[in-house]
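Please read it with the model open.

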Amino acid sequence: MRPARQCAAVLLGLAVLTHSALARDDGRFANSPLKPWFESLHSEFGQCCSDADGYVIADVDWESDRGRYRVRIDEEWVVVPEGAVITVPNKIGRTMVWKHYVDGHPRVRCFMPGSMT
């Protein structure tokens, strides 16, 4: 299965989970109407699904201050680069982050804020 297709299926699984566990692609979301939307998400760093998996982030693991965001990934607070923020309407309402690592530390490739409710 192509990486973008796998990532979309993973993200669709996350949309229905109530906690931040990573879902595995088992094909059950292949016909979801949200699949094309997830595949279209991108930041200044590229397509969100191309190199990283998305995770739902609990409200206690992210914060906003004057338009800047921080997220807690692997027990480390990470500043979200302005170019990583996804600005399209959030169709699932949950905060999500796509991460990668540099020198063993998490970095944010894409970030989609949720409603903090």
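The chain averages a pLDDT of 78, and 71% of the residues score at least 70. Here pLDDT is the predictor's confidence in each residue, from 0 to 100. Confidence is lowest in helix H1 (residues 3–16), with a mean of 48. Strand E6 (residues 76–79) has the highest confidence, at 96. Over residues 12–25 the pLDDT is below 50. Beyond near neighbours in sequence, that stretch still has 31 contacts in the model. A contact means heavy atoms within 4.5 Å.

This is a predicted model, in which local features need pLDDT of at least 70 and side-chain atom pairs count only at pLDDT 80 or more, while totals for chains, interfaces and linings use all residues. Residues are numbered from 1 along each chain as its sequence is written, and side-chain values use heavy atoms, with hydrogens and water left out.

## Overall build

The chain has 3 helices and 8 strands. Helices (H or I, at least four residues) and strands (E, at least two) are DSSP runs, numbered from the N terminus. From the N terminus on, the order of elements is α-α-β-β-α-β-β-β-β-β-β.

Buried residues make up 38% of the 117 residues in the chain. Buried means under 20% relative accessible area, exposed over 50%, and partly exposed in between (1.4 Å probe, protein chains only). The chain exposes about 6800 Å², and carbon and sulfur atoms supply 49% of that area. Accessible areas come from the Shrake-Rupley method with a 1.4 Å probe; for residues, only the protein chains shown count as cover. Among contacts with a separation of 6 or more, 61% join residues 24 or more positions apart.

## The sheet E4-E5-E6

Three strands form an open sheet in the order E4-E5-E6, with antiparallel pairing. E4 (62–65) and E6 are the edge strands, each pairing on one side only. From one strand to the next, the twist averages 25°. Such angles run from 0 to 180 degrees between N-to-C directions, with axes as lines fitted to C-alpha atoms, for helices over the stretch in contact. Two strands pair if DSSP finds at least two bridges between them. Strands of a sheet pair through backbone hydrogen bonds, either parallel or antiparallel.

E4 and strand E5 (residues 68–73) pair over 4 bridges. Asp65 stands opposite Arg68 in E5. Ser64 has Tyr69 as its bridge partner in E5.

The faces of E5 differ in cover. Tyr69, Val71 and Ile73 form the covered face. Arg68, Arg70 and Arg72 form the uncovered one.

## The two hairpins

The hairpin of E4 and E5 has 2 residues between the strands, and Arg66 takes a positive phi near 50° there. The hairpin of E5 and E6 has 2 residues between the strands as well. Asp74 lies in the loop between E5 and E6, with a positive phi of about 50° although it is not a glycine. Glu75 lies in that loop too. Glu75 has a positive phi of about 65° and is not a glycine either.

## Buried and exposed residues

| Residue | Relative accessibility | Class |
|---|---|---|
| Ser43 | 9% | buried |
| Val97 | 2% | buried |
| Asp74 | 48% | partly exposed |
| Glu75 | 73% | exposed |

Ser43 lies in strand E1 (residues 42–43). Which residues does Ser43 contact, leaving aside its neighbours within four places in sequence? They are Cys48, Gly83, Ala84, Arg109 and Cys110. The C-alpha atoms of Ser43 and Ala84 are separated by 5.1 Å, although the two are 41 residues apart along the chain. The side chain of Ser43 also reaches the backbone oxygen of Arg109, at 2.8 Å.

Val97 sits in strand E7 (residues 96–102). Leaving aside neighbours within four places in sequence, Val97 is in contact with Asp53, Gly54, Tyr55, Ile57, Val71, Ile73, Val108, Cys110 and Phe111. Of these contacts, Val71 and Ile73 belong to the covered face of E5. The C-alpha atoms of Val97 and Arg109, 12 residues apart along the chain, are separated by 7.6 Å.

Technical notes
Polar contact = N/O pair within 3.5 Å; in protein donor to acceptor, adjacent residues only side chain to side chain.
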